[in-house]
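Welcome! Here are a few exercises to work through with the structure in view, each followed by a worked solution.

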Amino acid sequence: YQAAQAALAKGDPGQAKRELKRSLRDEPLHAESHYLLALLLAREEELDEAAVGFQQTLTLAPNHAGARYNMGKALLRRGEPVAAARELEDALALRPDHLPSYNNLAKAYFLSGLPDLAAATYQEVLRRDPANPTARKSLAVLTQAADSESS
């Protein structure tokens, strides 16, 4: 695991992945190795493998907020907004101050056909961070779409 972190510090994600796989052969119950490998896989758009890694992390460390959040993001990118929303809700239960979780949750709600819940979630982001550009832009789009439908 430490060799993988050193490889990342040098800017070599390929070496980091090899080191993490080696680490997991020796220590298959090391949650942080699963998590870091899953992050690298997600970065490379290997979303199915990343989801497996995040799930393994969560099996070993159910309260791992980062794994919950990143699992939600991976599911969202895989086109599974309902499952993504569940993970992101759980991530927020663990880290209620994590604004990216709110923004991704709002997107998941919208893609699940729940635009009112999406808007309320973006409004919560803006309550916590009035200048949040993602929430501002997304809420404006939602509001404009709702206004168009009611006209």
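**Exercise 1.** Find how many salt bridges a search of the whole structure gives.

*Solution.* Start with the rule: a salt bridge is a side-chain nitrogen of Lys or Arg within 4 Å of a carboxyl oxygen of Asp or Glu. Searching the whole structure with it gives nine salt bridges. This is a predicted model, where local features need pLDDT of at least 70 and side-chain atom pairs count only at pLDDT 80 or more, while totals for chains, interfaces and linings use all residues. Residues are numbered from 1 along each chain as its sequence is written, and side-chain values use heavy atoms, leaving out hydrogens and water.

**Exercise 2.** Describe the salt bridge between E44 and K17.

*Solution.* First, the distance: N to O is 2.7 Å. Next, the location: E44 sits in the loop between α3 and α4 (47-60), and K17 in helix α2 (residues 13-26), 27 residues apart. Helices here are DSSP runs (H or I, at least four residues), numbered from the N terminus.

**Exercise 3.** Decide whether R68 and E87 are buried or exposed, and find what their pairing ties together.

*Solution.* Their side chains form a salt bridge at 3.0 Å, N to O. R68 belongs to helix α5 (residues 65-77) and E87 to helix α6 (residues 81-94), so the pair ties together parts 19 residues apart in sequence. Both R68 and E87 are buried, where buried means under 20% relative accessible area, exposed over 50%, and partly exposed in between (1.4 Å probe, protein chains only).

Technical notes:
Helix = DSSP H or I, 4+ residues; strand = E, 2+ residues; numbered from the N terminus.
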